[in-house]
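Good morning, everyone. Please take a moment with the sequence and the structure on the screen, and then I will walk you through how the parts of this chain meet.

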Amino acid sequence: MTTRVVVYGVGPIGQLIARVAFNRGLDVVGAIDIDPQKVGKDLGEVIGLGKTLGIRVEDDADKVLRNTKPDIVLHSTGSFFDKVYPQIMKAIRAGADVISTCETLAWPWYRYPDLAELIDNYARNHEVTVLGAGVNPGFVFDALPAVLSVTLTRLDKITVTRSLDASRRRYSFQKKIGLGMTPTQFTEALGRGEITAHVGFAESVLLLASIIGLRLDRVEEGQEAIIAERSYETQYFKVEPGQVKGVVGHGSGFINGREVIRVELRACVGCEDFEEVRLEGEPSIMWRSTGTPGDPATAAVIVNLIPRVLNARPGLITLKDLVNYSYTA
């Protein structure tokens, strides 16, 4: 039987998810969004298929879920679990499994332990599965190094570095890392939540530790602006010397005061595109790529995980429940 899919959120990532799902032959039966520029339009038009699908984008989630009865909801509306959990609850209530790109849902016990327990119990009671996944968190900083670690007989430390050229990314990404702001504006906007830069450093550290069985004593995370030394211009922003041209951030996990996991992200105009995983132990290895395209890869991860989530145990799960090929601490 064809899997019935509702796409919840048709922003840039949601549109990619919808296109991948449609091209894979999944039965996309509904689309939800609150943007008045999209509500009432045909999904095919919104996602740029060049043809209509007979599916209107609607803002009444309860109505869409009730009428379409999806097997799974592919959710992409926000980064913070406390903001999106009512949407996820609606999908659970409708009897649908959920895969969400919400970064903090990848390991929700760190920031939202009470909400995590609530969602887990509610999902179990309705016999559905909820998973937070994507590229970061969900692949580069966690699942990828976990799988690479399976070749080690002793693991001492994992360091993962991701670098990307922000000038090649969409407008919303460039905006959220503060391009063109002064350092003071960046710090204040980050503190007020007006921009987020990267979300999920701690979640990736904890997810990775969980997959390989490390018991961390504490986790730290932080990020700061990268300041331009000359003028830059992207499709959307002009950056003058002394203004913000990107962000650098990290998450670290410690055992007995020793850093055993470190994940680092450097996103700036002109940064090199690459990912690097260093595993220190026996043997020590280093893996490097030319960079994973974040948005298309996120859509691919979400769609590729559908069969696994449909067959997973009920409740709130993480990639630990799906990745079983790694070093074992």
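This is a predicted model: local features need pLDDT of at least 70, side-chain atom pairs count only at pLDDT 80 or more; totals for chains, interfaces and linings use all residues.

Between them, domain 1 and domain 2 bury about 1,200 Å², and 67% of that lies on carbon and sulfur atoms; buried area here is the accessible area, found with a 1.4 Å probe, that two parts lose on being put together, summed over both. Residues are numbered from 1 along each chain as its sequence is written, and side-chain values use heavy atoms, with hydrogens and water left out.

As for the domains themselves, domain 1 covers 4–134 + 297–321 and domain 2 covers 143–291, with bounds that come from an automatic or database domain assignment. To their contact, meaning heavy atoms within 4.5 Å, domain 1 gives 13 residues and domain 2 gives 12 residues.

How many salt bridges does the rule find across the interface of domain 1 and domain 2? It finds 2, where a salt bridge is a side-chain nitrogen of Lys or Arg within 4 Å of a carboxyl oxygen of Asp or Glu. Elsewhere in my notes is the pair R111 and E221, whose side chains meet in a salt bridge at 2.9 Å, N to O.

Finally, let us turn to A297, which is buried, with a relative accessible area of 16%, since buried means under 20% by the 1.4 Å probe, counting protein chains only. A297 touches V135 and T292, leaving aside residues up to four places away in sequence.

Methods: Buried means under 20% relative accessible area, exposed over 50%, partly exposed in between (1.4 Å probe, protein chains only).
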